[in-house]
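Here are some questions and answers on a protein model. Look at the structure first, then read on.

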Amino acid sequence: GIPGDVLEVDAMNVQLDPLGSHWISNIDVQSATLRLAETRGNDWSLTLEQLSPQRSPMSDPQLLRDGRDIVTQLPSISIKSLKVLTGEVVKDDFHLIGSAEFEGSLIQINELGDFVFDLRESGGGTAALVGEWQSNSSQWRIDISGLSVGPDASHLIPFRVVRAYLRQLDLDATINLITLRLAPGSSPSVSMWLDRVTMLLDPTLLGIGRANFWERYPTPHQETGDVVPRLIATHGWLRYQDGQLSVMGLEGELAGGGDDPNLIAVPYRMSLSISDLPQFGLIDQFSDVEKRLSNLPFELDVTAWDTQFEPGRYADLPADVTRILRLFDVRQCTVQLGLAFDRKTIGGPVEMGGWLEIEDGLGAYAQFPYDLYDLHADIRLEGDDIKVHSLRALGSGDSTVEITGRVESSKGLDLAVRIDAVNVPLD
């Protein structure tokens with residue numbers, strides 16, 4: 001559109017200094033509006049990119065030693081009120097989605113025309129944008145702090161596919177710092193420290209590509225349907241660069257959400273890496289996000305500890321863990337676990353391995369006719385095999401029980417279980 005569709009300056013004061021080195025000494029912008037609009041049908045392209053300053057043919061540019069133009073030194077620009085509007089342009093009509101108001105400054109720092117800027121949200125907001133624009137490469141470096149992303153804030157994001165993705169994750173986050181680098185023709189580079197995050201751990205949206213990844217154990221009789229637990233993270237670090245998304249050191253609790261007093265909060269630590277991500281410009285529908293993520297290479301590591309089960313209480317856990325707990329009919333215990341998933345190539349199979357430690361357990365094993373008390377077990381997951389490295393428990397009366405070997409397999413392998421029982425009563 002015309003420049004007025006992107007940037008409008010309603011009022012400004014210009015201070016002149018005819019005797020100084022520059023005719024204009026300072027510019028105070030009283031009120032301006034900037035529209036960050038995505039054009040429907042040309043997603044990931046903002047109308048801001050249409051602004052391309054042209055040198056007047058009457059000008060006589062000076063040259064640097066390497067032949068580049070010396071840009072006329074501009075004065076400092078102070079901004080009292082900059083209203084930023086996000087929205088979409090559909091058939092030349094602007095549709096407003098969100099808005100925020102900022103104040104700050106814009107300063108040219110050298111003869112090449114590079115700028116630094118400092119913008120702070122006004123009207124009670126906490127967001128701040130500090131960064132630099134390099135004129136010769138049109139690259140931006142932006143540090144964003146004090147940002148909240150949630151139901152009331154995601155409308156400030158100008159990209160439609162990103163808004164849809166965040167809605168599906170039901171993301172609510174406080175972000176200490178985002179470092180963003182933008183360059184024409186390439187995907188952005190983003191890194192951020194996460195201070196407080198809650199989101200739904202939907203495996204199809206995280207690149208895991210497995211339905212029914214989570215299960216509730218033990219399953220309450222009234223529970224039906226797929227389980228998508230809520231992650232409550234206290235801190236972590238996220239980076240997107242060169243087609244790879246990494247989430248590292250994400251720690252907090254895994255809970256199903258709501259006010260259910262019987263739902264156990266599971267302490268956890270998680271790391272996730274997704275490779276070979278396409279450039280954002282190649283994704284024009286939200287359905288494309290799910291489709292592409294479902295086949296990409298990824299690595300996921302999950303560790304949880306000190307999860308205590310007792311009668312009447314339940315927790316949301318990876319289905320591969322609940323398979324073991326059901327196999328031994330565990331009714332109460334303390335669980336420590338670690339799981340690793342990875343897909344090495346695009347469209348390849350997902351490989352899985354892990355371990356599970358059960359302490360102070362009460363349960364039973366289908367191949368043994370008695371309840372097991374004071375159960376302690378070290379169990380390994382190797383693909384679809386469940387292998388017991390060691391299991392010790394008290395049985396009926398004064399009996400003791402030890403179990404080792406492959407206790408379940410879904411690939412046609414024979415079971416290889418050894419059960420040693422001492423002082424077992426004969427009924």
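This is a predicted model, in which local features need pLDDT of at least 70, side-chain atom pairs count only at pLDDT 80 or more, and totals for chains, interfaces and linings use all residues. Residues are numbered from 1 along each chain as its sequence is written, and side-chain values use heavy atoms, with hydrogens and water left out.

Q: In which strand does isoleucine 24 lie, and is isoleucine 24 buried, partly exposed or exposed?
A: Strands are DSSP runs of E, at least two residues, and helices are runs of H or I, at least four, numbered from the N terminus. Isoleucine 24 lies in strand β2, residues 24–39. Buried means under 20% relative accessible area, exposed over 50%, and partly exposed in between (1.4 Å probe, protein chains only). Because its relative accessibility is 33%, isoleucine 24 counts as partly exposed.

Q: How many residues of helix α1 are buried?
A: Helix α1 spans residues 160–169 and is mostly covered. Among its buried residues are Val161, Ala164, Tyr165 and Leu166. Of the ten residues in α1, the number buried is seven.

Q: Which residue follows α1, and what is its phi near?
A: The residue after α1 is aspartate 170. Its phi is positive, near 50°.
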